[in-house]
Amino acid sequence: MRPELFSDRLKYSISAGNGAGTRIARPWLRVDNVSPQKRTLRMHPVQLIVVGGGSRGTGYAGYALEHPDQVRIVGVAEPRDFYRDRIATQHGITPDCVFTDWREIAARPKFADGVIIATQDAMHADPAVAFADMGYHIMLEKPMAPDEADCRRIVEAALANHRVFAVCHVLRYTPYTQALKSVVDSGRIGDVVSIQHLESVGYWHQAHSYVRGNWRSERGSSAMLLAKSCHDMDWIRYITGKRCIQVASFGSLRHFHSGEKPEGAGERCLECAIEPACPYSAPQIYLGMVREGRTGWPLAVLAPDPSEQGVLEAIRTGPYGRCVYSCDNDVVDHQVVSMRFEDGTTGSFTMTAFTRTRDRESRIFGTRGEIYGNGETIEVYDFLTDRTDRLKVTAHSDGSILGGHGGGDRAIMREFVAAIAHDDPSLILSGPEESLETHLMVFAAEKARREGRVVDVRV
């Protein structure tokens, strides 16, 4: 596409800072954009079951509260009383459809259209295969599974049963990503030669999720690159539109271990003499959020009661009050990955804990120009005109990465529901085969990091 056609294409997805033109370029799955013939296929709401009632499962289910005409949550399986009961109450689920274990659902005849699987990473494979075999459509939280064998098993079941299958690579679905992809695909910067992508995990987020939290251990969860950054490896593949064939990687647990523990530090923050001077202090991080009125994630993970008293008790007795230098964590806190794609295009990805913000930044280098993006703004520099266009993305949600991955959480739910309602799996941007491919990129990168060599990505 000639560069002068760029603005006509882009105006449908982003605005140039003046508040104009905020329609989505691809009519993702908006019911008003579906053909009349397809609209008549389904006149009643899609029915879904939630398996795993933590923050992700609860968040996805929230879409049904906003759009009861499109989707209803009719079942839940969750072993923890508070989280199970919360979803059951919010969605008016009848007692006979409230379970402590997904196997209880699998033992019953099929009673919904689809399942949202949002259990812990290592618990994905068995329910995904079982529900696919039962004929349920599936939305599966990323990563699919911690190992290649289970990922392949899940994909084989999804394909064999011809179900709508969506892996929650939600970064693909954000208005920002769709706008950026439109720029790349338009030819405005020519052929992509190289891409750089940075994931700033954030110092306190690393401490919360990957030092004190559920994803701190490879044995209990998975490698950091898979647990946190399979999003980003998948995003790079999506933006380039090219298959990765080789990777190399380096990274380590540099800081969050006993060898870095300051002299005089205690085992828990509330028992530590140097806590006021520690940037990873649990009281400073969590009580600060309470006082700011932020009672959702991550405070909801600490305790059912996100009040100051409830959070303080969680810090005193629970895992989130431990010294970050005295935990049982083993995942890396920084990592880089180098990639070679099938046409010689190269890519690099950096994940680091040691950042102030949790923003992602990218630079894409082409034969006619380059792009810089940070999740909200896209800057496109044209070699021929020596001009930079700065474009502000308008998010079609709260716009917050913290509160829904920049609109991606709502968008994937909307897409999944529409794919079921209109029997159109093409609405899914993150289906089984390409999701498997990008997981294999991650597994190859981890092998490269551990063995200190370049590794082929074999699909």
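A charge sits over a ring if NZ of Lys or CZ of Arg is within 6 Å of the ring centre and within 35 degrees of the ring normal. I record this first, since the opening entry rests on it. The model I consulted is a predicted one.

**Entry 1: charges over rings**

I looked up Arg-80 and found it over the face of Tyr-83, at 4.2 Å from the ring centre. I then turned to Arg-108, whose charged end sits over the ring of Phe-111, 4.7 Å from the centre of that ring.

I searched the whole structure for aromatic pairs, and the search returned ten.

Is Phe-99 buried or exposed? I noted a relative accessible area of 5% for Phe-99, which is under 20%, so this residue counts as buried. Phe-111, at 19%, is likewise under the 20% limit and therefore buried.

**Entry 2: Phe-256 and Tyr-280**

I next examined the pair formed by Phe-256 and Tyr-280, with 5.0 Å from centre to centre and 75° between the planes; this pair is edge-to-face. Phe-256 and Tyr-280 are 24 residues apart, and each lies in the loop between strand S8 (244–252) and helix H12 (282–291). I found Phe-256 buried, and Tyr-280 also.

Which residues form one aromatic cluster with Phe-256 and Tyr-280? I listed Tyr-203 and Phe-354 as the other members.

**Entry 3: cavities**

I counted two cavities of 30 Å³ or more. The largest cavity holds about 90 Å³ of space. Its lining consists of 14 residues, and those nearest the centre are Cys-269, Cys-272, Glu-275, Cys-278 and Cys-323. By residue class, I recorded the lining of the largest cavity as ten nonpolar, one polar and three charged.

**Entry 4: Asp-409**

I located Asp-409 in helix H15 (residues 408–421).

Notes. Residues are numbered from 1 along each chain as its sequence is written. This is a predicted model: local features need pLDDT of at least 70, side-chain atom pairs count only at pLDDT 80 or more; totals for chains, interfaces and linings use all residues. Side-chain values use heavy atoms; hydrogens and water are left out. On a 1 Å grid over the protein atoms alone, a cavity is a set of points where a 1.4 Å probe fits but cannot get out, and a pocket is an open set with protein on both sides within 12 Å along at least five of seven lines; lining residues have an atom within 4 Å of a point. Grid points are joined across faces, edges and corners, and a volume is the space filled by probe spheres set on the points. Ala, Val, Leu, Ile, Met, Phe, Trp, Tyr, Cys and Pro count as nonpolar, Asp, Glu, Lys and Arg as charged, and the others, Gly among them, as polar. Helices (H or I, at least four residues) and strands (E, at least two) are DSSP runs, numbered from the N terminus. Rings of Phe, Tyr and Trp (its six-membered ring) pair if their centres lie within 6.5 Å; planes under 30 degrees apart count as stacked, over 60 as edge-to-face and the rest as tilted. Buried means under 20% relative accessible area, exposed over 50%, partly exposed in between (1.4 Å probe, protein chains only).
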